[in-house]
Amino acid sequence: MLAIDDIQALSNAVSGPVALPDSLEFAEETFAFNVATVHRPDVVLGAADAQDVAAAVKWAAERRLPVSVQSTGHGASSAIDGGLLINTRRLQDLRIDPVERTARVGAGVKWRTVLEASVPHGLVGLHGSSTDVGVVGYTVGGGLPVLGRAHGFAADHVRSMDIVTADGALRRIDADTEAELFSLMRGGKGNFGIVTALEFSLFPVSEFYGGGIIYPGADAATILAAFRQWLPTLPDDASPSISLLRLPDMDFVPEPLRNQFVVHLRFAFLGNREDGDALLAPMRAVSTPLMDTAGPMSYLDVDQIHMDPADPLPFTEGGAILKDFGDETVADLLELTGDRSGCPLLLVEIRPFGGALSRAALSQAGPPDAVSGRDAAFMLFLVGFKTPPIAEAVAASIRGILAAMAPHSTGYTLVNFHGEPGDEADRARAWSPAVYERMRSAKSAYDPGNLLRFGHTITGAPPAS
């Protein structure tokens with residue numbers, strides 16, 4: 001229980017607002033995009049700058065109070081209960097260097113803001129399926145980009161970061177300064193500190209072809225078989241994915257598709273209309289589309305590829321990395337998620353790896369980053385609404401599908417697509433054993449008191465006897 005003097009000491013140490021559970025500001029400062037996750041910290045700070053973050057962590061460390069962090073709350077898969085929550089959404093610094101092709105962003109900046117500043121220079125960052133997501137949380141979890149096969153994971157291209165470690169120290173780290181910490185923060189999520197700013201590479205885009213094809217769900221088996229045969233014909237500049245969607249009668253769904261089961265092919269290609277049409281031609285011939293939006297587009301319209309919901313929703317999720325997507329894998333998946341399965345999930349998604357996703361960035365000096373999955377073929381991602389009366393059925397469906405797909409899985413996950421973290425063994429599956437041991441050692445060094453223990457966190461290695 002925090003005393004009035006403790007709260008006053010925090011307020012005196014920072015310039016941003018401090019809110020308690022009985023204040024009007026508390027709900028706003030703790031609100032997550034995933035509205036199924038309701039945070040209940042003892043106190044929340046709306047950090048105004050990096051110095052606020054450092055002062056607040058030091059304050060918490062002195063009181064042995066656990067610390068958590070949030071910006072947008074897109075990745076809020078588990079609730080925060082107790083301790084100090086630091087909201088970083090006010091950290092909105094943004095600098096684009098078109099000559100060096102870099103961006104530097106504060107911890108509250110979203111990808112949409114980056115693109116609006118970079119696209120006029122013909123440059124883009126390696127964002128994911130929605131540009132409403134915060135840059136920092138996405139990137140420290142590895143970051144699986146729309147253009148991933150062309151350029152790799154977002155974490156591969158981080159140049160430097162400003163981070164507050166559990167002792168309250170504000171550090172700037174890169175491949176030359178605290179190289180091991182820098183490498184593990186790229187894919188290790190928030191286990192070793194709170195990122196207040198990030199610098200990363202941008203990539204040139206001239207012509208861009210993107211969009212999606214939506215097919216009747218009754219043709220799912222045929223379409224998935226064709227998708228599997230089509231993938232090896234694509235260049236690395238083409239990044240596709242495919243999903244089974246059970247679309248609700250909600251505003252974010254185009255009206256003709258509401259209350260339907262469909263297959264959604266997504267396609268992003270760094271090229272012109274002629275080449276894009278030629279690459280997509282085999283998939284356009286597979287079935288009669290209900291909707292086809294693929295073609296040349298402004299990169300600022302990139303959200304139209306995946307059509308992720310733009311408004312906060314209550315959801316739960318889970319994922320796995322797959323060894324293959326062969327006949328048996330497809331059959332097992334469709335048995336539980338196909339047209340007549342009664343599956344309650346909103347989305348069952350397959351994203352291929354390959355291309356640059358299978359290679360660490362050759363330009364990145366220092367130890368390898370903590371991103372997993374480079375040796376795998378596909379990622380399976382499952383999403384469902386976490387609302388009565390289907391919440392329990394959705395959770396059971398995710399568990400059942402992941403169990404049935406286990407023979408086709410590597411046993412590992414991507415941390416940003418893992419879902420709600422379980423026990424220590426479950427959390428460890430987000431990294432290879434070698435990386436996980438490196439992370440445990442670093443956790444012992446940088447956070448020996450386990451101050452940062454909310455979300456997908458790990459514990460340090462036991463001391464040597």
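R399 and E392 form a salt bridge (a Lys or Arg side-chain nitrogen within 4 Å of a carboxyl oxygen of Asp or Glu), with 3.6 Å between the closest N and O atoms. E392 is exposed, at a relative accessible area of 55%; here exposed means over 50%, buried under 20%, and partly exposed in between, using a 1.4 Å probe and protein chains only. The model is a predicted one, where local features need pLDDT of at least 70 and side-chain atom pairs count only at pLDDT 80 or more, while totals for chains, interfaces and linings use all residues. Residues are numbered from 1 along each chain as its sequence is written, and side-chain values rest on heavy atoms, with hydrogens and water left out.

Searching the whole structure turns up 26 salt bridges. One of them joins the side chains of D132 and K110, at 2.9 Å from N to O. D132 sits in the loop between β7 and α5 and K110 in the loop between β6 and α4, so this pair ties together parts 22 residues apart in sequence. (Helices, H or I with at least four residues, and strands, E with at least two, are DSSP runs numbered from the N terminus.) Both ends are partly exposed: D132 has 21% relative accessibility, and K110 has 29%.

Then there is D303, which pairs with R112 at 3.4 Å between the closest N and O atoms. D303 belongs to the loop between β16 (295-296) and β17 (315-322) and R112 to helix α4, so the parts tied together here are 191 residues apart in sequence. D303 is partly exposed at 25%, and so is R112 at 22%. Elsewhere, E28, E29, R89 and R90 are linked in a salt-bridge network.

What about the buried side of α4? In this helix (residues 111-118), W111, V114, L115 and S118 are buried. They span an arc of only 95 degrees around the axis, taken from the directions from the helix axis to the C-beta atoms, which puts them on the same side of α4. Among the elements covering them, by contact (heavy atoms within 4.5 Å), are β5 (94-97), β6 (102-106) and β10 (194-201).
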